[in-house]
Amino acid sequence: MAKLVLPAIVGFFDDPDSLMEAAAECSGNGWRNLDAYTPYPVHGLEEVMGIRRSWIPKVALGALFTGATLGFLLQYWTHSIDWPINVGGKPYNAWPAYVPVTFESAVLVAGLTTFACIFISCRLFPNPFVKTLCEEITNDRFALVVPTKKIANDDEVVKLLQRMGADEIRKLH
């Protein structure tokens, strides 16, 4: 979800196909920072709108390797340096025994980091001042938000949304 840029024009649609066509037409006109609100994921909409791939998988991969390294180093330090105990004549650095804890710490750190990243990137913090565009968006309506700050003529956007089948058009200021 992109940050809502005002002023903007919102077109409401009853079906995802009309929304996809309108988003493609708006992107084709060079209008940027489009946003869409849908009651369920619409496959292919992000490509039509020109949304880049998320940065979260890269951060999760980095957290995975960090967690694995920290888990392995903790076990190595504990068994070899801090409290070395000779168990059955095994070497202090018996790394095959470290594999389960290394894997578990990698999954734990990657999972918690991904969870935090999703909250940060989607701005999912409680905010009592947020107004919804329309209550039906989460049920059965689709909305396309076109920021008009860099568009010279708002009427051009309104005409395009009407031509693409928008049921309702609102101007946000």
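Reply: Strand E1 (residues 8-13) and E4 run antiparallel and are joined by 5 bridges. Strands (E, at least two residues) and helices (H or I, at least four) are DSSP runs, numbered from the N terminus. Two strands pair if DSSP finds at least two bridges between them. Strands of a sheet pair through backbone hydrogen bonds, either parallel or antiparallel.

The model is a predicted one, in which local features need pLDDT of at least 70 and side-chain atom pairs count only at pLDDT 80 or more, while totals for chains, interfaces and linings use all residues. Residues are numbered from 1 along each chain as its sequence is written, and side-chain values use heavy atoms, with hydrogens and water left out.

E1 also pairs with E3, in the antiparallel sense, over 6 bridges; there Val10 has Val145 as its bridge partner. E3 in turn is joined to E2 by 3 bridges, again antiparallel, and Asp35 stands opposite Val145 of E3. Put together, 4 strands form an open antiparallel sheet in the order E2-E3-E1-E4. Its edge strands, each pairing on one side only, are E2 (35-37) and E4 (168-172). From one strand to the next, the twist averages 20 degrees.

Helix H1 packs on this sheet and touches E1, E2 and E3 (142-147), with its direction at about 15 degrees to that of E3. Contact means heavy atoms within 4.5 Å. Axes are lines fitted to C-alpha atoms, for helices over the stretch in contact, and angles run from 0 to 180 degrees between N-to-C directions. Helix H5 (residues 154-163) lies across E1, E3 and E4 and runs at about 5 degrees to E1.

The axes of H1 and H5 come within 10 Å and cross at roughly 150 degrees. In this contact, Ala22, Glu25 and Cys26 of H1 meet Leu160, Leu161 and Arg163 of H5.

E3 is largely enclosed by the rest of the structure, because 6 of its 6 residues are buried. Buried means under 20% relative accessible area, exposed over 50%, and partly exposed in between (1.4 Å probe, protein chains only). In a regular strand the side chains alternate between the two faces of the sheet. On one side of E3 the buried residues are Phe142, Leu144 and Val146, and on the other Ala143, Val145 and Pro147.
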